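Here are my notes for someone opening this structure for the first time. Have a look at the model, then read the points in order.

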Amino acid sequence: MPSDLRILPDINRLIHEPARLALAAILSVVESADFLYLQRETGLTKGNLSSHLAKLEEAGYVAIEKTYRGRIPLTLVRLTDAGTAAYRAYRSRFKKFLEKTG
Amino acid sequence: MVDIEKIEKRTVQSFYDDGLPEISLGLIFLLLGGYFFAQTTAAERSALSSALSVLFVLVIVSAGFLASRILRFLKRRITYPRTGYVAFKKKEPSSKRRAATMIVGGIIGAATAALYGLSPSFKVLFPALNGLLLAVAVLLIAGKIGLARFYILSAASAVIGLAVTAAGVGDIKGISLYYGLFGAAVTLSGLATLIVYLRKSPRADRENTDAV
């Protein structure tokens, strides 16, 4: 394998998936966001968003808190410390890879 | 391929989608304009003039506090039901950044005081100086978030400041006019953005959008 591509097997595939990567990128900038915000920003359907968030939650990358604002249900999502570390590692690895391959 | 940097930048930009931050910032500038205007109406060395000088810090702090309260209230009522709730990270400025800000502030303050000491007529340039300093500050914000209207506001600040000085309105009256005009420009920019936002973003049906 060419040396440039050697970092590829180390790429976190859970985050590498485009929809989940977009979610991680958004959540890396914010403290927390609700389901509606994430749906609007990513353009994902309700079902798709739920499924990707469930996968990220299963990996311990996001924490999902169900709450209420008045009588309105509110699902708050935030990146956990493990999620932040995984996203940062992915980001720097992928950036290095892109720099090497031009 | 997903452009991570673009997504991160877009997320930061989303805070300004509704125009509410500009409206609250514009209101602070209008309040400052009102404050300086009150100073021009107060007779020199009068009790009101002294009280206004002492109250300056209080005016700035309470304007900032009030604006952030208004912003939070409006976000809750207007933005969250339409485009969802988001809380941004509160970044503590690094010690390097804090030191740099203090040094730059100190240099500007010392230079202004020195120039004023050399020639008291220098104060006629205060509106232009205010305009240029705020233009740089808005330009830095514009560069960070990448929204075109902030570049326009930056240019507007410089133009208003220079125009008020060129018109020879005077120092305090000129500063009052500068803050009034720039505050109005920022508020109008926010209102125009809010109108577009309200047209594009109807209230979401929460019952059907909230799930995991």
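1. Let's start with chain B. Of its 212 residues, 25% are buried, where buried means that 20 or more other C-beta atoms, placed from the backbone, lie within 10 Å of the residue's own. Keep in mind that this is a predicted model, in which local features need pLDDT of at least 70, side-chain atom pairs count only at pLDDT 80 or more, and totals for chains, interfaces and linings use all residues. As for labels, residues are numbered from 1 along each chain as its sequence is written, while chains are lettered from A and ligands numbered from 1 in the order in which they are written.

2. What is chain B built from? It has nine helices and one strand; helices are DSSP runs of H or I with at least four residues, strands are runs of E with at least two, and both are numbered from the N terminus. Reading from that end, the order is α-α-α-α-β-α-α-α-α-α. Along the principal axes, the C-alpha atoms of chain B fill a box of roughly 65 × 35 × 30 Å. Take the contacts in chain B with a separation of 6 or more: 78% of them are between residues 24 or more positions apart. A contact here means C-beta atoms, placed from the backbone, within 7 Å.

3. Helix α4 of chain B deserves a stop. This helix covers residues 56-83, 28 residues in total, and spans 38 Å from first C-alpha to last, close to the 40 Å expected at 1.5 Å a residue (the expected span is 1.5 Å times one less than the number of residues). At B:K75, α4(B) bends by about 45 degrees, the angle between axes fitted to the seven residues ending there and the seven starting there.

4. Which residues of α4(B) are buried? They are B:T79, B:Y80 and B:T83. Their cover includes α3 (35-42) of chain A as well as α2 (20-41) of chain B. Just past the helix, B:G84 has a positive phi of about 95 degrees.

5. Now chain A, which has five helices and three strands, in the order α-α-β-α-α-β-β-α from the N terminus. Its C-alpha atoms fill a box of roughly 55 × 25 × 20 Å along the principal axes. Buried residues account for 31% of the 102 in this chain. Of the chain A contacts between residues at least 6 apart in sequence, 54% join residues at least 24 apart.

6. On to the sheet. It is open, with four strands in the order β2(A)-β3(A)-β1(A)-β1(B) and antiparallel pairing; strands count as paired if DSSP finds at least two bridges between them. β2 of chain A and β1 (86-88) of chain B sit at the edges with a single partner strand each, so one side of each has no neighbour in the sheet. From one strand to the next, the twist averages 20 degrees.

7. Zooming in on the pairs: β2 (residues 62-69) and β3 (residues 72-79) of chain A run antiparallel and are joined by eight bridges. One of the facing pairs is A:A63 with A:R78. Two residues separate the strands of this hairpin, where A:G70 has a positive phi near 70 degrees. β1 (residues 30-34) of chain A is also antiparallel to β3(A), with two bridges: A:A33 partners A:V77, and A:D34 stands opposite A:L76.

8. Finally, the cores. A nonpolar core is a set of buried Ala, Val, Leu, Ile, Met, Phe, Trp, Tyr and Cys residues joined through C-beta atoms within 7 Å. The largest has 28 residues, and those touching the most other members are A:L23, A:A24, A:I26, A:L27, A:A33, A:L38 and A:V62. In chain A, at least two residues each come from α2 (18-29), β1, α3, α4 (46-58), β3 and α5 (81-101). α2(A) gives the largest share, seven residues. Leaving out residues up to four places away in sequence, A:L38 touches A:L23, A:I26, A:A33, A:L49 and A:V77. Another core, of 22 residues, lies apart from this one and includes B:L129, B:L153, B:L177 and B:V186.

Notes. A residue is buried if 20 or more other C-beta atoms lie within 10 Å of its own, exposed if 12 or fewer, and partly exposed in between; C-beta atoms are placed from the backbone. Two residues are in contact if their C-beta atoms, placed from the backbone, lie within 7 Å. Axes are lines fitted to C-alpha atoms, for helices over the stretch in contact, and angles run from 0 to 180 degrees between N-to-C directions.
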